[in-house]
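User: Could you walk me through reading pockets and salt bridges in a model like this one?

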Amino acid sequence: MTEISIRTLEELEVEAAHFINSLAPSPRGATLVTLSGELGAGKTAFTKAVAKALGVEEIVNSPTFVLEKIYLLPEGKLFKRLIHIDAYRLEKGSDLTPLGFDELVRDVDNLILLEWPERVVDALHSPAVHLSFVVLSDGLHKISYD
């Protein structure tokens, strides 16, 4: 397990860019990255930083109420689409079905960042990477990679 401490937005953006450079598309389907942590721990902030590192120019917000947002990535990136899913309001894995989740995970061109994976664990294959986010008492954010 790797742990990184983050104090500033700039540090988060550097870490997100480093993280993206460490990924490689899977030949078996989408690259699934799960993000766990309490509300306000930094999951969406990290996703925004990943989107920025991938060249997404539109505003990236939490998809808590729409559940899923899909961003087309610029030509020349390892992935063609960034899919951001927030499962906070879901109760079980089958709740992902209306989002076309089964199709999304089969597409090797997709990078899926899924927040609150514990809510839909029964629908997930093994993620490429699992990230855990914790806010410490001094305002420091800790990201752990599994």
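User: What volume does the largest pocket have?

Analyst: Rolling a probe the size of a water molecule over the atoms shows where empty space is left. On a 1 Å grid over the protein atoms alone, a pocket is an open set of points where a 1.4 Å probe fits, with protein on both sides within 12 Å along at least five of seven lines. The largest pocket here has a volume of about 160 Å³, the volume being the space filled by probe spheres set on the points. This is a predicted model, with local features needing pLDDT of at least 70 and side-chain atom pairs pLDDT 80 or more, while totals for chains, interfaces and linings use all residues. Residues are numbered from 1 along each chain, and side-chain values use heavy atoms, leaving out hydrogens and water.

User: Which residues line the largest pocket?

Analyst: Lining residues have an atom within 4 Å of a point; among them are Arg28, Leu32, His125 and Ser126. The lining divides into four nonpolar, five polar and one charged.

User: How many salt bridges does a search of the whole structure find?

Analyst: A salt bridge is a side-chain nitrogen of Lys or Arg within 4 Å of a carboxyl oxygen of Asp or Glu. The search finds six. One of them pairs glutamate 3 with lysine 142, at 3.9 Å between the closest N and O atoms. This pair joins strand β1 to strand β7, 139 residues apart.

User: Is glutamate 3 buried, partly exposed or exposed?

Analyst: Buried means under 20% relative accessible area, exposed over 50%, and partly exposed in between (1.4 Å probe, protein chains only). Glutamate 3 has 47%, so it counts as partly exposed.

Conventions:
Nonpolar A, V, L, I, M, F, W, Y, C, P; charged D, E, K, R; others polar. Helix = DSSP H or I, 4+ residues; strand = E, 2+ residues; numbered from the N terminus.
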